[in-house]
There are 2 protein chains.
Amino acid sequence: MFDLFSVIEDFRAGGNSMLSSENQNWIERLVIPIRNDLLSGAAEITLQAIVVLKNILSVDKCKNPTELGELLKFAGDKLIEAQPAMSSLINLSDEVLKVINENISLADNKKNCLDALNEFEKDLCTNVANIADTALALMPPGEIVFAYSFSSTVVSCLLNAKAKGRYFRVACSESRPSMEGRKLANHLVAGGIEVILTVDSAMGMILPSCSIAFMGCDSISGPGLVNKSGSLLLALACHEMNIPVYALCDSSKFISEDRFFEFEKHERPANEVWEEAPKGVTILNRQFELIPFEYINGLVTEHGLFTAKEIPTYFAKVAKQQLQPAVK
Amino acid sequence: MFDLFSVIEDFRAGGNSMLSSENQNWIERLVIPIRNDLLSGAAEITLQAIVVLKNILSVDKCKNPTELGELLKFAGDKLIEAQPAMSSLINLSDEVLKVINENISLADNKKNCLDALNEFEKDLCTNVANIADTALALMPPGEIVFAYSFSSTVVSCLLNAKAKGRYFRVACSESRPSMEGRKLANHLVAGGIEVILTVDSAMGMILPSCSIAFMGCDSISGPGLVNKSGSLLLALACHEMNIPVYALCDSSKFISEDRFFEFEKHERPANEVWEEAPKGVTILNRQFELIPFEYINGLVTEHGLFTAKEIPTYFAKVAKQQLQPAVK
């Protein structure tokens with residue numbers, strides 16, 4: 001049996017990968033578009049990561065199940081490193097590595113991995129559809145919905161509501177420095193939804209006109225949820241203004257606490273914020289931040305809506321099912 | 001006696017100015033730099049307005065006290081229209097128009113106006129010095145102070161604290177779209193103060209590292225204070241995080257409620273936020289917003305510190321002294 005956990009331990013201890021540098025370079029090149037993608041939400045990035053892993057399965061770069069496991073392990077680590085806030089990548093990588101079995105043929109291993117990837121992808125899509133139905137029930141007709149940053153789950157929910165005949169408008173802010181708020185606006189107007197866009201600092205000005213706020217979620221664990229920076233201000237402002245704010249999040253984003261704080265590694269280059277800042281000015285450019293559950297009204301998951309108080313119990317249940325190493 | 005109030009009523013009723021179009025154009029040209037200045041705080045803009053009014057007094061464009069009053073009234077209105085959130089301009093204009101007297105010579109009228117302008121300028125500077133002393137006493141040594149947008153009063157207080165040997169660092173955000181946070185950072189590092197700058201949406205991330213927050217103030221009246229957009233988010237976040245937040249504001253910013261909402265006129269061009277936004281996207285680009293007193297810990301004025309609860313009483317006292325028409 002492929003010993004995933006010893007490989008993970010090796011990696012954490014700084015052990016070198018046994019892959020050829022040619023294979024390492026190849027995988028690193030495959031991961032570049034995901035590393036450079038500052039505009040996509042976690043679900044979209046996860047779908048792109050599934051494509052990368054399927055690509056690895058489809059080519060002839062390994063001789064046996066152990067080497068396949070090495071390749072997929074290296075790819076998973078690179079994906080996680082590329083987007084450390086998106087814990088669905090950790091879960092995706094774990095899911096595919098779990099099925100590696102040295103006692104069956106390489107071809108059968110590849111087939112099992114592909115099945116695991118397809119299953120993950122199918123679940124992701126089914127989950128988003130379930131979330132969209134719950135979110136629709138929360139949206140008051142004719143009102144303005146605030147949506148922050150770019151989350152493909154949130155976009156799917158809004159487009160679903162529009163397709164089901166619900167009339168509403170969306171307010172959003174630009175999301176400096178990457179401006180993924182513009183991507184959100186582009187997607188929504190293309191789907192026939194009117195958008196009001198403002199600067200991030202004006203969130204407090206537009207929120208009193210909104211009836212509800214939605215945010216996506218990159219990662220979730222005991223201490224709270226992780227999302228794009230600005231989400232905490234949104235949640236605090238909604239909390240003070242009595243505007244219900246929900247995080248839309250499927251269970252692929254759940255992660256154990258020991259791996260939850262990976263997102264803090266995501267310090268982006270200073271020049272994205274200010275090129276040639278004067279000496280004496282330190283730039284802080286972190287993409288993600290932690291939002292404690294107490295500041296949101298609830299979490300909309302594929303299993304329904306959970307209030308802030310219910311989240312810890314729900315999380316414990318999901319964690320028990322999902323985060324246990326499934327030894328084969 | 002020059003009847004200021006009938007002229008104001010004429011103006012409000014849409015009455016045409018009796019000035020020649022040459023004089024109107026000349027004054028409008030003088031006001032352009034103030035209209036285009038999106039980076040300066042209210043105290044700085046007021047000092048610039050004093051220069052404009054002194055310029056008008058220094059040239060030979062009118063034949064009698066009535067015409068001088070017309071010129072100064074037109075200039076005052078243009079200044080207020082250029083920066084409608086900055087109520088010190090309303091007070092400045094009122095102060096100078098109050099001294100116009102048709103029963104004395106043009107030369108004596110000009111001298112009285114100049115004295116009124118010099119008095120206003122002197123008060124402004126003395127007030128900032130008093131505010132700086134009170135602010136210094138609030139700053140815990142060795143800590144990080146959050147400062148929002150660009151306020152020359154806040155900058156003066158921070159530079160005063162540094163000059164008095166207090167060690168501290170300043171955190172700020174960029175203040176999209178005009179980026180006056182960069183102007184703040186430039187002024188502070190030039191004065192030897194270390195600065196940490198981040199995007200506006202990351203205020204919630206940096207605030208827990210700060211011990212106190214300062215904002216300037218463009219206008220103040222019964223309902224609250226007006227400052228650059230983003231100030232409300234700052235105040236809400238500080239309120240939730242138990243970080244004391246103070247507005248630094250001299251009494252030239254106090255205004256009666258009937259003229260308080262001028263700031264809402266200040267809608268800036270959409271293309272400052274997003275050039276070529278797609279059809280279906282409406283851009284909201286307002287520079288200023290209202291912050292209810294309940295979200296700040298206090299107001300630092302030239303008369304000392306007033307807590308949120310004490311502000312209404314203090315305001316009533318100042319309003320009584322200051323906002324009454326002083327008929328001469």
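Buried here stands for under 20% relative accessible area, exposed for over 50% and partly exposed for values in between, with a 1.4 Å probe and protein chains only. The model is predicted, so local features need pLDDT of at least 70 and side-chain atom pairs count only at pLDDT 80 or more, whereas totals for chains, interfaces and linings use all residues. Residues are numbered from 1 along each chain as its sequence is written, chains are lettered from A in the order in which they are written, and side-chain values use heavy atoms, without hydrogens and water.

**Core and helix**
- Leaving aside residues up to four places away in sequence, Leu158(A) touches Met139(A), Val145(A), Ala147(A), Phe168(A), Val170(A), Leu188(A), Ile193(A) and Phe214(A), where contact means heavy atoms within 4.5 Å.
- Helix H5 of chain B, residues 87-98, reaches 17 Å from its first C-alpha to its last, close to the 16 Å expected at 1.5 Å a residue, the expected span being 1.5 Å times one less than the number of residues.
- Helices (H or I, at least four residues) and strands (E, at least two) are DSSP runs numbered from the N terminus; in H5(B), ten of the twelve residues are buried, among them Leu89(B), Ile90(B) and Val96(B).

**Relation of the copies**
- Chain A can be laid on chain B with an RMSD of 0.0 Å by a turn of 180° and a shift of 0.0 Å along the axis, by least squares on the C-alpha atoms of residues with pLDDT of at least 70 in both.
- The two copies are thus related as by a two-fold rotation axis, and 100% of the contact residues of chain A recur in chain B.

**Aromatic rings**
- Over all chains there are 13 aromatic pairs, that is, rings of Phe, Tyr and Trp (its six-membered ring) with centres within 6.5 Å, counted as stacked with planes under 30 degrees apart, edge-to-face over 60 and tilted for the rest.
- Phe214(B) and Tyr246(B) form a tilted pair, because their ring centres are 6.5 Å apart and their planes at 50°.
- Phe214(B) is buried at 0% relative accessibility, and Tyr246(B) is buried at 11%.
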